[in-house]
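Q: I have a model open beside its sequence, and I would like to learn how to read its features one at a time. Could you take me through them?

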Amino acid sequence: MGDNKTLPAAVKRWDENTVAKTIGKFPEREETFLTISGVPVNRLYTPLDSKDLDYEKDLGFPGEYPFTRGIQPTGYRGRLWTMRQYSGFATAKESNERFHFLLDQGQTGLSVAFDLPTQIGYDSDHPLALGEVGKVGVAIDSLADMEILFDNIPLDKVSTSMTINADAVVLLAMYIAVAEKQGVSMDKLRGTIQGDILKEYVARGTYIFPLSPSMRLITDTFKFCSEKMPLWNTISISGYHIREAGSTATQEVAFTLANGIAYVQAAIDVGLDVDAFASRLSFFFGSHSDFLEEICKFRAARRLWARIMRERFKAKKDSSCRMRFHTQTAGCTLTAQQPDNNIVRVTLQALQAVLGGTQSLHTNSRDEALSLPTEESVQIALRTQQIIGHESGVGDTVDPLAGSYYIESLTNEIENKAMEYIQKIDGMGGAPAAIENGYIQREIHEAAYSFQKSVDSNERVVVGVNKFQVDEEQKFDYLRVNPESELEQIEQLNNLRKSRDDDKVQTALHDLRLGAEGETNLVPLIIEAVKVYATLGEICGVLRDVFGEYKATDL
Amino acid sequence: MSIDELVQGVLNQKRRYLARLISLIEDEDIQAMEALSQLYKHTGKGHIIGVTGPPGSGKSSLVTKLTAEFRKRSKTIGIICVDPSSPFTGGALLGDRIRMQEHSLDDEVYVRSMGTRGHLGGLARATSDAVRAVDAFGKDIIFVETVGTGQSEVEVVDVAHTVIVTDVPGSGDDIQAIKAGIMEIADIFVVNKSDLAGADKKVTEINAMLDIDPKEQAWRPPVLLTNARTGEGIPELVDNILAHLEHLKGSGLLQKKGLQRSRDELQELMKYKLTKELSQKLQGKPEYEKAIKMIAKRKQDPYTVAEQLIAEFLFSETR
Amino acid sequence: MSSSKKIRVLVAKPGLDGHDRGVKIVARALRDAGMEVIYTGLRQTPEMVVRAALDEGVHCIGLSILSGAHNALFPKIMELLKAEGVSDILVVGGGIIPEDDIPDLKKAGISEIFGPGTPLDVIVEYIKTNVKL
């Protein structure tokens with residue numbers, strides 16, 4: 001980019017004369033400036049900082065390899081990003097009512113949050129489910145709940161995103177079964193299961209089985225879907241939770257892509273052709289609070305993934321190299337103090353994600369550091385996206401920050417540092433091994449701890465928390481989950497256990513056990529089991545028996 | 001809580017009293033020694049198994065699986081996990097329980113985490129007293145788990161009847177550590193994580209090293225493969241542990257070890273008592289401080305002063 | 001009191017939520033403040049928390065919940081402690097806990113609740129000041 005031969009001398013002159021003079025009179029605010037991830041920030045960037053950049057090779061054009069400038073040739077000029085707000089309600093019935101409301105408003109994308117017992121494969125009456133039923137999402141014990149959840153919702157017309165991981169295959173099976181009852185065949189189903197188990201061990205904690213059987217469930221799903229569900233996104237490889245757990249931006253890219261590599265490799269190892277499934281992979285990142293660094297992060301992640309797919313996995317199709325991602329503004333940056341300030345934080349974070357070229361976006365609500373968001377807060381969050389999309393004009397040209405000396409330099413740096421991490425992880429035997437020996441968890445914890453220390457010592461300002469505090473009483477309307485709903489859910493479960501055909505359930509579970517002990521694809525067996533109303537807890541119970549349970553080893 | 005209550009509580013197998021006693025031991029409270037002296041005659045029944053090895057070699061997971069196997073054989077279990085305290089802050093992060101969750105509600109399993117702290121009497125003192133407390137409480141099998149990174153594990157294994165040294169495949173450098181320090185103390189070698197590449201190679205390496213040991217061995221330490229995740233090799237390991245105890249009994253080594261241990265312990269205790277008493281008596285004494293200054297100035301020599309101070313403060317009845 | 005006496009703290013995550021960033025940071029800060037911290041990992045039932053606290057002879061229990069299950073689980077833990085005849089263990093909580101819930105939790109015996117954004121020093125000092133050694 002920079003071929004200016006006199007520039008180095010000019011920069012030196014500016015530094016030694018102009019800058020030195022000013023600093024003599026007005027010292028800078030800090031001795032060294034660091035991004036929130038701890039990357040040093042220079043005073044000034046010039047063409048010298050990206051002089052090795054080859055435009056066609058490293059940036060290219062939107063919609064073309066290596067996708068640094070985005071995956072859509074026309075950016076947001078054709079269509080804005082999808083504004084997708086994740087939400088959770090206690091019971092299937094309440095969620096269903098909400099879905100109908102959203103569909104009436106013209107929304108076509110549904111997003112389902114499940115409660116923790118559902119995510120960890122326990123029925124609502126399991127001792128560990130106490131107090132958790134319906135708390136962070138809807139409780140699903142069996143197909144009966146799923147039927148209520150999607151009652152009268154035409155599954156051939158909507159796309160459904162399900163935040164479910166360890167037992168994603170069971171919820172997918174239930175979704176398929178509900179569709180079948182509606183007369184919708186599975187090849188018409190559109191949607192996403194998160195299904196990213198590796199980051200559960202690292203950051204989010206809703207794991208069930210050890211790594212190797214978990215990877216099997218994922219490759220079984222990849223295989224099944226590549227044959228029968230061409231429109232289904234089989235995985236959403238998530239950096240969001242890694243970032244929320246305290247990683248830096250570079251670590252977020254590195255560990256997410258390392259996980260992605262593990263999934264692709266696992267699928268190839270079971271005989272899948274990389275171009276048969278890679279275009280169905282999707283990603284999910286956080287948008288944290290360092291404005292420019294985050295924009296670079298998105299661009300670096302996209303380019304690095306494209307290169308990994310082409311160079312490492314020899315993907316032929318461009319669509320296999322194209323990183324599609326969803327973004328959520330960073331929940332961990334929300335403060336309980338002066339919660340209205342969070343609206344501003346979310347606005348900046350949303351803008352970063354758009355400037356970074358996200359495909360869809362969830363904006364957090366101001367009160368999420370305190371509790372589940374109220375309807376009013378959710379609306380402000382959505383309006384934030386709409387203002388960016390329709391008023392700010394940032395979507396009217398593609399990748400508008402490209403070519404900025406700083407942006408390109410930092411994009412390079414994040415890509416290079418992430419690649420170093422990935423090589424280190426490769427050296428340990430890949431992401432699963434690096435997770436089992438606790439390396440990734442430790443790296444994240446170190447970053448989280450040093451960040452917290454820098455806040456506590458006032459090295460890093462968090463407005464309203466360690467500077468500009470006010471005396472305030474935190475008064476908010478909370479969305480509360482009715483404690484009765486836990487009991488109702490358990491009662492329904494008991495009724496189901498009495499009314500279903502137990503012989504069929506036992507047979508299906510027995511078949512599943514044999515399948516799990518062998519090597520057959522488990523997806524069809526799980527579909528059979530959910531159809532006869534085996535519960536989630538029973539199905540996962542069989543798999544727990546055969547596979548064992550993952551035991552965390554980190555700290 | 002009086003000493004008698006404490007002693008009775010431990011003998012009646014009340015967990016809270018055991019927990020309390022170990023806290024007193026850790027805090028080097030004088031009451032701990034009084035309680036232990038009453039409990040001494042009730043000890044010596046448990047089979048004490050030391051487990052040591054490099055960090056990351058799966059010690060806690062192994063102990064967890066061994067516990068499950070011993071429970072199947074109707075044994076009751078005590079587990080003492082020792083982790084290093086920070087030499088700077090004295091704090092410690094004790095995370096071994098994370099891997100022992102499957103026994104967390106078993107009434108017949110007692111787990112206690114200990115930091116190495118900066119004990120006056122050394123690590124061995126507090127750990128062996130804690131083990132003794134668990135022994136008096138009546139546990140059949142008592143595991144002592146320590147990180148094998150230095151001298152500490154060598155001290156701790158003095159307590160144990162059977163010492164298991166763990167290692168994992170592929171850890172090339174650690175073999176040096178084993179050579180250097182803990183090769184001699186192992187009664188059983190365990191190569192854990194047998195599913196990892198290089199497990200068999202590791203077994204061969206350790207066997208080769210054992211073979212060059214020149215001294216006559218009545219007990220040739222077996223080298224076993226285990227997988228603490230799946231439980232593979234665990235029943236065999238338990239069989240070997242029990243066989244080792246039989247060997248100790250049959251060969252008379254158990255008695256011999258017991259005598260040696262009593263001798264060591266008595267010496268250790270006397271040394272500890274004397275050191276403690278001396279430091280208490282010297283604490284803040286002007287002549288002590290003065291002597292230090294004189295030594296520093298080369299006006300006096302430490303050899304003579306040491307003799308004088310000991311004679312004056314420790315053996316003089318008038319003080 | 002002996003010089004080697006140390007504050008022992010059990011740090012636990014009852015319930016099913018897997019967000020352990022906060023709890024691990026707090027554990028580390030307590031260690032750096034010279035305490036012995038026993039961490040038991042995720043998915044602890046109230047029974048497991050109480051058993052671990054008693055066996056380990058801790059002076060303080062720190063509980064973290066972000067899923068909203070605190071109203072069910074915190075009081076249950078206090079009940080079990082009471083049933084064991086324990087009254088000298090300081091119990092504190094943290095996580096996403098609405099202000100309105102705090103009075104009832106305190107009534108149940110939780111000494112203090114630390115919300116998001118609490119400086120680590122505040123937690124350390126609170127424990128040092130209020131723990132019964």
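Q: What should I know about the model before I begin?

A: This is a predicted model, in which local features need pLDDT of at least 70 and side-chain atom pairs count only at pLDDT 80 or more, while totals for chains, interfaces and linings use all residues. Residues are numbered from 1 along each chain as its sequence is written, chains are lettered from A and ligands numbered from 1 in the order in which they are written, and side-chain values use heavy atoms, with hydrogens and water left out.

Q: How many helices and strands are there in chain B, and what percentage of its residues is buried?

A: Helices (H or I, at least four residues) and strands (E, at least two) are DSSP runs, numbered from the N terminus. Chain B has twelve helices and eight strands. Buried means under 20% relative accessible area, exposed over 50%, and partly exposed in between, with a 1.4 Å probe and protein chains only; of the 319 residues in chain B, 50% are buried. Contact means heavy atoms within 4.5 Å, and among contacts in chain B between residues at least 6 apart in sequence, 76% join residues at least 24 apart.

Q: At what angle do α12 and α16 of chain A pack?

A: Axes are lines fitted to C-alpha atoms, for helices over the stretch in contact, and angles run from 0 to 180 degrees between N-to-C directions. Helix α12 (residues 291-312) of chain A packs against helix α16 (residues 405-428) of chain A at about 50 degrees, with the axes 8 Å apart. That makes α12(A) oblique to α16(A), given that angles under 35 degrees count as roughly parallel, over 145 as roughly antiparallel, 65 to 115 as roughly perpendicular and the rest as oblique. The crossing of α12(A) and α16(A) is right-handed; a crossing is right-handed if the near helix is turned clockwise from the far one by less than a right angle, and left-handed if anticlockwise. By class, 13 nonpolar, two polar and nine charged residues form the contact of α12(A) with α16(A), where Ala, Val, Leu, Ile, Met, Phe, Trp, Tyr, Cys and Pro count as nonpolar, Asp, Glu, Lys and Arg as charged, and the others, Gly among them, as polar.

Q: Which residues of α2 and α3 in chain C meet?

A: The axes of helix α2 (residues 46-55) and helix α3 (residues 70-83) of chain C come within 9 Å and cross at roughly 45 degrees, and the two helices are therefore oblique to each other. Pro46(C), Glu47(C), Val49(C) and Val50(C) in α2(C) meet Leu73(C), Lys76(C), Ile77(C), Leu80(C) and Leu81(C) in α3(C). By class, this contact has seven nonpolar, no polar and two charged residues.

Q: Is His70(C) buried or exposed, and what does its side chain contact?

A: His70(C), which lies in helix α3 of chain C, counts as buried at 3% relative accessibility. A polar contact is a pair of N or O atoms within 3.5 Å; within protein, one must be able to donate a hydrogen and the other to accept it, and residues adjacent in sequence count only if both atoms are side-chain atoms. The side chain of His70(C) makes such a contact with the side chain of Asp101(C), at 2.8 Å.

Q: Why is α7 of chain A described as largely enclosed?

A: Eight of the eight residues of helix α7 (residues 197-204) of chain A are buried, so this helix is largely enclosed by the rest of the structure. The buried residues include Lys199(A), Glu200(A) and Arg204(A). Asp196(A) caps the N-terminal end of α7(A), with a side-chain oxygen 3.4 Å from the backbone nitrogen of Leu198(A), and Gly205(A), with a positive phi near 85 degrees, follows the helix.

Q: Which residues have a positive phi although they are not glycine, and where is there a cis peptide bond?

A: Most residues other than glycine have a negative phi, and most peptide bonds are trans. Asn152(A) has a positive phi of about 60 degrees and is exposed, with a relative accessible area of 62%. Glu28(B) has a positive phi near 55 degrees, but is buried at 16%; Glu28(B) lies in the loop between α2 (15-26) and α3 (30-39) of chain B. A cis peptide bond joins Tyr65(A) and Pro66(A), with omega about 0 degrees, and Pro66(A) is in the loop between α2 (55-59) and β3 (82-83) of chain A.
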